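Hi there,

Here is the structure I promised to pass on to you.

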Amino acid sequence: VEDLSPDITIKNDVDNMLSGTISHKIIEEAHERSIAPEDIADITTEVFQRFIRQNKLDLASDTYDRHHLIFRQRAANGLIFLRELEAKTGEKITWKMETAFTVEGDHTLKGKIDCIGIGEKRIYLLDFKSSKGSAGKPSE
């Protein structure tokens with residue numbers, strides 16, 4: 001396909017950046033819809049399929065299944081963490097994923113944060129990790 005139409009590229013895997021974005025979007029949408037972590041499979045499929053279309057991915061079934069399982073587990077862990085944080089602080093927190101921000105002062109800091117939470121008394125900035133050194137379960 002690339003030889004016939006260079007503006008079309010078909011990818012056969014999900015890179016790390018897209019993987020994080022997909023996980024974050026699943027967490028955000030599940031939280032907005034009040035979906036329980038144990039019921040996250042359907043929304044994982046919905047979000048993953050949307051990203052496959054948008055990014056012109058052509059995944060082998062075993063690659064799809066592997067990523068789906070990873071996304072489902074990461075999103076469930078993230079969702080559990082957000083809800084436990086709300087319960088422990090007693091605050092209703094509005095969460096947004098992958099939000100651009102700018103902090104101006106003597107120097108300007110611009111970037112994108114994985115997760116920002118706006119509470120009644122606090123602002124929470126979260127940077128989710130999914131490397132080998134990251135937590136394997138929500139309690140970690």
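**Overall layout**

Please keep in mind that this is a predicted model. The chain holds three helices and three strands, and from the N terminus on they come in the order α-α-α-β-β-β. Of the 140 residues, 37% are buried. If you take the contacts with a separation of 6 or more, 57% of them join residues 24 or more positions apart.

Let's begin with α1 and α2. Their axes come within 9 Å and cross at roughly 135 degrees. An angle over 145 would count as roughly antiparallel and 65 to 115 as roughly perpendicular, so α1 and α2 are oblique to each other. The crossing is right-handed.

Next come α1 and α3, whose axes lie 9 Å apart at an angle of about 50 degrees. That angle makes α1 oblique to α3. Here too α1 passes α3 in a right-handed crossing.

The remaining pair is α2 and α3. They pack at about 125 degrees, with 10 Å between their axes, and are therefore oblique to each other. α2 passes α3 in a right-handed crossing. The classes in the contact of α2 with α3 are five nonpolar, five polar and one charged.

**The nonpolar core**

Which residues have the most contacts inside the largest nonpolar core? They are V14, I22, I26, I40, F48 and W95, in a core of 28 residues. At least two core residues come from each of α1 (16–32), α2 (41–54), α3, β1 and β3 (123–126). The element that gives the most is α3, with seven residues.

Beyond its neighbours within four places in sequence, I22 is in contact with V14, V47, F48, F51 and F71.

**Single residues to look at**

E29 sits in helix α1. Is E29 buried or exposed? It is buried, because its relative accessible area is 8% and the limit for buried is under 20%. Away from its close neighbours in sequence (within four places), E29 is in contact with I43, E46, V47 and R50.

K92 belongs to the loop between α3 (61–89) and β1 (94–103). With 53% relative accessibility, K92 counts as exposed, since exposed means over 50%. Setting aside neighbours within four places in sequence, K92 still has contacts with H31, E86, I118, G119 and E120. As for E120, its C-alpha atom is 6.8 Å from that of K92, although the two are 28 residues apart along the chain.

Finally, there are two backbone angles for you to check. Most residues other than glycine have a negative phi. S34, however, has a positive phi near 55 degrees. S34 is in the loop between α1 and α2 and is exposed, with a relative accessible area of 61%. E98 also has a positive phi, of about 45 degrees, without being a glycine. This residue lies in strand β1, and at 22% relative accessibility E98 counts as partly exposed.

Happy browsing, and do write back with any questions!

Best wishes

How values were computed:
Residues numbered from 1 in each chain as written. Predicted model: local features only at pLDDT ≥ 70, side-chain atom pairs only at ≥ 80, totals over all residues. Heavy atoms only, no water. Helix = DSSP H or I, 4+ residues; strand = E, 2+ residues; numbered from the N terminus. Buried < 20%, exposed > 50% of the residue type's maximum accessible area, 1.4 Å probe, protein only. Contact = heavy atoms within 4.5 Å. Core = buried A, V, L, I, M, F, W, Y, C linked by side-chain atoms within 4.5 Å. Axes fitted to C-alpha atoms, helices over the stretch in contact; angles between N-to-C directions. Parallel < 35°, antiparallel > 145°, perpendicular 65-115°, else oblique. Left-handed = near helix turned anticlockwise from the far one by under 90°. Nonpolar A, V, L, I, M, F, W, Y, C, P; charged D, E, K, R; others polar.
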